[in-house]
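Work through the exercises below with the sequence and the structure at hand. Each task is followed by a solution in steps.

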Amino acid sequence: METVKFKEEINTLKKFFEVYCNEKHMDQENITKTFFYKNEEIKLHLNMCPECLAKINYSFDRLLECPHDIKPRCRTCPTPCYEKKQWKEAAKVMRYSGMKLGLLSLNKKIRNIFKRN
Ligand SMILES: [Zn+2]
């Protein structure tokens, strides 16, 4: 996949895992992760517990090895690369945070509607 797409994907994972971890766990640590993707160095700052870090690292590894030039959504991928257990755990995080983030932006929209000038 394109480097731009790769960056987008790792940032989405970061966002979702951080929301999940901050709600569910304690002991978050600040970590800087460095990726090498198509000869480009990409740094990503993460704030999460060691358990979530292990899970997101698994997802990062899958992404790094993704063979698709145009990456399909993992859910509809013809060649799924996640092991079943890891897939379930990642899906749980994405579902939870997706709902949470959806609600947050909805709240914001509602607030904007009612905001007085
Ligand atoms: Zn966590």
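The model is predicted.

**Exercise 1. Describe the overall build of the protein.**

Step 1. Count the elements: the protein has three helices and two strands.

Step 2. Starting at the N terminus, the elements follow the pattern α-β-β-α-α.

Step 3. A box of roughly 50 × 35 × 30 Å along the principal axes holds the C-alpha atoms.

**Exercise 2. Find which residues coordinate the zinc ion, and state the arrangement of the donor atoms.**

Step 1. List the donors. They are SG of Cys21, ND1 of His25, SG of Cys49 and SG of Cys52, at 2.0 to 2.3 Å from the zinc ion.

Step 2. Check the angles. Four donors count as tetrahedral if all angles lie between 85 and 135 degrees. The angles around the zinc ion are 100 to 119°, so the arrangement is tetrahedral.

Step 3. Write the spacing of the donor residues in sequence: C-x3-H-x23-C-x2-C.

Step 4. Cys21 belongs to helix α1 (residues 3-24), while Cys49 sits in the loop between β2 (40-48) and α2 (50-64). The pair therefore ties together parts that are 28 residues apart in sequence.

Step 5. Decide whether these two are buried or exposed. Buried means under 20% relative accessible area. Cys21 has 0% and is buried; Cys49 has 5% and is buried as well.

**Exercise 3. Determine how many disulfides the model contains.**

Step 1. Recall the bond: a disulfide joins the sulfur atoms of two cysteines covalently.

Step 2. Apply the cut-off. The two sulfur atoms must lie within 2.5 Å. The count by this rule is zero disulfides.

Step 3. Check Cys77. Cys77 counts as buried, because its relative accessibility is 17%.

**Exercise 4. Describe the largest pocket and its lining.**

Step 1. Give the volume: the largest pocket holds about 850 Å³ of space.

Step 2. Name the residues at the centre. The lining has 30 residues, and Lys71, Cys74, Arg75, Trp87 and Met94 are the closest to the centre of the pocket.

Step 3. Assign the lining to elements. Those that give two or more residues are α1, α2 and α3 (84-114). The largest share, seven residues, comes from α3.

Step 4. Sort the lining by class: 15 residues are nonpolar, five are polar and 10 are charged.

**Exercise 5. Examine the phi angles of Asp27 and Lys38.**

Step 1. Recall the general rule: most residues other than glycine have a negative phi.

Step 2. Take Asp27. Its phi is positive, near 65°. Asp27 is in the loop between α1 and β1 (29-37). With 61% relative accessibility, Asp27 counts as exposed.

Step 3. Take Lys38. This residue is not a glycine, yet its phi is positive, about 45°. Lys38 is located in the loop between β1 and β2. The relative accessible area of Lys38 is 52%, so Lys38 is exposed.

Methods: Residues are numbered from 1 along each chain as its sequence is written. This is a predicted model: local features need pLDDT of at least 70, side-chain atom pairs count only at pLDDT 80 or more; totals for chains, interfaces and linings use all residues. Side-chain values use heavy atoms; hydrogens and water are left out. Donors are N, O and S atoms within 2.8 Å of the metal (3.2 Å for Na, K and Ca); water is not among the atoms, so sites may look incomplete. Four donors count as tetrahedral if all angles lie between 85 and 135 degrees; four count as square planar and six as octahedral if opposite donors are over 155 degrees apart and all others between 65 and 115; anything else is irregular. Helices (H or I, at least four residues) and strands (E, at least two) are DSSP runs, numbered from the N terminus. Buried means under 20% relative accessible area, exposed over 50%, partly exposed in between (1.4 Å probe, protein chains only). On a 1 Å grid over the protein atoms alone, a cavity is a set of points where a 1.4 Å probe fits but cannot get out, and a pocket is an open set with protein on both sides within 12 Å along at least five of seven lines; lining residues have an atom within 4 Å of a point. Grid points are joined across faces, edges and corners, and a volume is the space filled by probe spheres set on the points. Ala, Val, Leu, Ile, Met, Phe, Trp, Tyr, Cys and Pro count as nonpolar, Asp, Glu, Lys and Arg as charged, and the others, Gly among them, as polar.
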